[in-house]
Amino acid sequence: MPIHILPDALVACIAAGEVVERPASVVKELVENAIDAGATDIRIECAEGGKRLIRVTDNGSGIPFAEAALAFEHHATSKLASTDDLAEIHTLGFRGEALASIASVSQVTCITRYADENSGTLLRFDGGRLISQERIGRAPGTTMMVEHLFVRMPARLKFLKSTQTERGHIDGMVMRYALAYPHIRFTLVHDGRVSFQSLGTGNLRDVLVDAYGADAAAQMVEVGQAQVAAASAAPESSIQVYGYASLPTLDHANRSKITLFVNGRPVQDAKLSYAVVQAYHTLLMTGRYPVAVIMVHVPPTEVDVNVHPAKAEVRFRDADAVFSAVQRAVRRALLDNMTPPEAPTILGGWPADRQGTIAPTASSDRTTVTAEPTTATQPSLTGSEAWARVGIARQANALGSQTAPSPPATPTVSNLPALRILGQLAESYILAEGPEGLYLIDQHAAHERVLWERLLAQHELSALPSQHLLDPVLVTIPAESVYLLEEQLDMLCDLGFEIEPFGGNTFLVRAVPALMIQDDIAAALREIVADLEMGDAALRRDLEARVLRRVCKRMAIKAGRVLSFAEMQALVRDLEACESPRTCPHGRPTMIYLGLKQIEREFGRLG
Ligand code: ADP
Ligand code: MG
């Protein structure tokens, strides 16, 4: 083929590919336009995950009749006039490319009315060509309807994922803007049903509740209040950081719940999200990440948003200053809001009625044992809460008083010495004597560890035993999880499950890992699906580990079960043989060790 200039329509399609990747990118551009138009109420309606239809309705400024068709031309914008403006962008849009790109790969209908005009405008486009323009009645504002996205681009169409997946991308996108603009009311409708709504109260915490649920929102604290905005002579005084971040009691398997905005624009910036993660240094288990919504405001001259066609990346003039401002603001919020638990002695945590018999110890000694994991002394806490508290206590020690304790005297070898069973406490803990002191073993956590290492070893050899159910079990799972489960059936098969789709949101379970044969299969599968939802679908190992951890958790002996001497002995032998006997598969301690030295100190026998 000789060299030639591409026809305009083809150029437009190629350019559109940069802006419009999938239905969610259309939603992004239309929502940004509505925000730029000053809307306070934005409704997003989708059919088939946006593949068939996306309609965004706003109550913003509208477009004058005379300019409406022009808005769909390439490089047509009302937001930028000169190159000087480019250095100082206050709007989300500025490239004048979105409407033209979207129109070139779909059928667009636009109904808009400029507030100062008496009537509105109806425009229709097909593949970028204006088909008709007429006057029509409408309240001030704009409705953009995008139908049959990519219908003339089979190559693109092929890359669209399932309706559920595309829907998920749209949900994430809308939620992000709702978080960034709490004063705007967002309504998201999928196939006729409202799936998300924010009320536009102006309060970010309200949106957090809408987006993550009341439970999660209650575990998030405000980052960087007004004082950050106060002018000071410090060089980074112009950097403002605001938002919410999770306490260590709430975490996530990956960074996907760290949502960042720069000047109201959602951004993906690995360095900034690293700054957030850094703020949790030592507060979260390794491999766990916080949930956070962080907005950074810098003077427009300090940031270049013109790096990426979809405007998802930004470049800062002083990236380090922004990084440290974010990290410090989040850290400060955490430290201000985490109250370290009172420093209990280990014995202080025993049931209150026994405490009277124990003589008080010197206060410096009390601190000495603070850092000892205190799972057993906090029986009312769930495991992760208890673990988080341990983290907080450690943190408080690390940052806190000068009387900072030396680490507790825990034997350093990872394997356990041979232990002698003494008995069971509260039907939950095994008491055992070691060469140097007393071991208090959490029977459930210990059994989880034993099962985990066994399953892992079998899995490594691809020899996880599977067992067929005499009667296959029909399980109904939440509709929004169907696609996820379908995608993971192979992975589950490798772990010993035999599951097949049974229509709608039901699945037939024919076989399970042998260990689970006595389990409540329906309940187990629903938990597993919920675990998968939390996982990183791109990381097969992460998902496998989640499933196996769940199996262990379900099958491990529970707290509250009386164990015979032989059972305790067998469990402790198995634990001794483990590679990492001291933690459960979730990273929490399986045991507390009380060294003889420490016991003697508690009794005042050591000076
Ligand atoms: P940009 O947002 O970069 O300016 P677009 O192609 O997205 O480019 O939009 C072109 C122009 O159309 C905008 O500059 C704006 O004047 C107008 N416009 C688009 N959507 C709306 C809307 N919802 N309300 C009012 N004006 C709009
Ligand atoms: Mg735009």
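Reply: Ligand 1 takes up the space of the second largest pocket. A pocket here is an open set of points on a 1 Å grid over the protein atoms alone, with protein on both sides within 12 Å along at least five of seven lines, and a molecule sits in it if more than half of its atoms lie within 2 Å of its grid points. Please keep in mind that this is a predicted model, where local features need pLDDT of at least 70, side-chain atom pairs count only at pLDDT 80 or more, and totals for chains, interfaces and linings use all residues. Residues are numbered from 1 along each chain as its sequence is written, chains are lettered from A and ligands numbered from 1 in the order in which they are written, and side-chain values use heavy atoms, leaving out hydrogens and water.

Now for the surroundings. Around ligand 1 there are 19 residues (a heavy atom within 4 Å), and the closest are N33, T77, S78, K79 and G96. Sorted by class, this shell holds seven nonpolar, eight polar and four charged residues; Asp, Glu, Lys and Arg count as charged, Ala, Val, Leu, Ile, Met, Phe, Trp, Tyr, Cys and Pro as nonpolar, and the others, Gly among them, as polar.

Some side chains make polar contacts, meaning pairs of N or O atoms within 3.5 Å. S78 places a polar side-chain atom 2.5 Å from an oxygen atom of ligand 1, and K79 has one 2.7 Å from an oxygen atom of the ligand. Taken alone, ligand 1 exposes 530 Å², and the protein buries 93% of that (Shrake-Rupley method, 1.4 Å probe).

Technical notes
A polar contact is a pair of N or O atoms within 3.5 Å; within protein, one must be able to donate a hydrogen and the other to accept it, and residues adjacent in sequence count only if both atoms are side-chain atoms. On a 1 Å grid over the protein atoms alone, a cavity is a set of points where a 1.4 Å probe fits but cannot get out, and a pocket is an open set with protein on both sides within 12 Å along at least five of seven lines; lining residues have an atom within 4 Å of a point.
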